[in-house]
Amino acid sequence: MRLISWNVNGIRSVHGKGFENWFRKEQPDIVCLQEVKAHPDQLEESVVHPAGYHSVWLPAEKRGYSGVAVFSKRPPREILPGLKKEEFDREGRLLEIEFDDFVLLNAYFPNSQRDHARLGYKLAFCDAVRDHLDKLRQRGKQLLLCGDFNIAHKEIDLRNPKANQKNAGFLPEERAWMDRLLEAKYIDTFRAFNPGPDHYTWWSYRPGVREKNIGWRLDYWVSNPEFRDRLQSAVHYPLVTGSDHCPVELRLKS
């Protein structure tokens with residue numbers, strides 16, 4: 001089973017840059033999008049409901065901002081939009097879908113902002129996600145959390161760590177939250193299969209940055225440890241363009 005997560009930085013924008021052809025060619029079993037920046041009523045029917053897929057959308061109240069969506073060949077058993085916390089749900093930050101054998105959480109974590117003005121909001125969201133994961137895990141659910149975390153966890157996860165010590169996405173508080181998540185035995189699936197350097201999922205739009213691979217790894221698939229035996233591989237697709245992020249794939253064994 002192929003699952004792909006992608007921050008598209010605007011579904012309308014990426015559709016003008018080959019997204020539909022990419023989708024038709026790849027035909028993943030599940031596609032999770034973040035930062036769709038649109039409401040379904042602003043889009044063509046073929047975009048909202050791709051042929052052969054069940055689609056679920058959670059847009060932000062504010063148009064042109066945030067929002068997540070999931071397309072799946074498998075029918076969802078249950079859909080839970082949001083964390084039941086208005087401050088996060090109105091921004092379309094998390095969409096939870098339960099399938100027969102696992103619970104999928106597609107999340108778009110807040111950006112702390114250049115002046116760190118939203119760091120408190122971001123950490124509160126991180127803690128709410130972690131609390132929700134723990135409760136699901138205690139109920140015996142198998143979990144997959146994907147999305148743009150807006151966090152580069154370790155120095156290996158960005159090209160210039162020394163120059164970014166005080167920048168949003170690499171702040172000590174953000175990285176400490178990731179530390180605690182993995183210390184609780186949750187699995188950063190990409191690192192389980194790819195321990196080496198120079199693997200990134202986001203690049204600035206500045207000319208030449210992506211070509212030189214001066215990037216950050218901000219996008220993740222995380223699982224609970226009890227699900228480890230189902231994990232088969234994890235891959236980034238940096239050559240797929242259309243957004244400043246690239247798609248990240250997780251494959252599961254049947």
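Residues are termed buried when their relative accessible area is under 20%, exposed when it is over 50%, and partly exposed in between, as computed with a 1.4 Å probe on protein chains only. The model is a predicted one, in which local features need pLDDT of at least 70 and side-chain atom pairs count only at pLDDT 80 or more, while totals for chains, interfaces and linings use all residues. Residues are numbered from 1 along each chain as its sequence is written, and side-chain values use heavy atoms, with hydrogens and water left out.

Helices (H or I, at least four residues) and strands (E, at least two) are DSSP runs numbered from the N terminus. In helix 2 (residues 19-26), Phe19, Trp22 and Phe23 are buried. These residues lie on the same side of helix 2 because they cover an arc of only 95° around the axis, the arc being that of the directions from the helix axis to the C-beta atoms. The exposed residues Asn21 and Lys25 are carried by the face of helix 2 turned away from its buried side. With contact taken as heavy atoms within 4.5 Å, the buried residues of helix 2 pack against strand 1 (2-7), helix 1 (11-15), strand 2 (30-34) and strand 4 (68-72).

Two strands are considered paired if DSSP finds at least two bridges between them. Six strands form an open sheet in the order 5-6-7-8-12-9, with mixed pairing, and its edge strands, strand 5 (78-81) and strand 9 (187-188), each pair on one side only. Strand 7 (residues 103-108) pairs with strand 8 (residues 143-148) in the parallel sense over six bridges, and Leu105 stands opposite Leu145 in strand 8.
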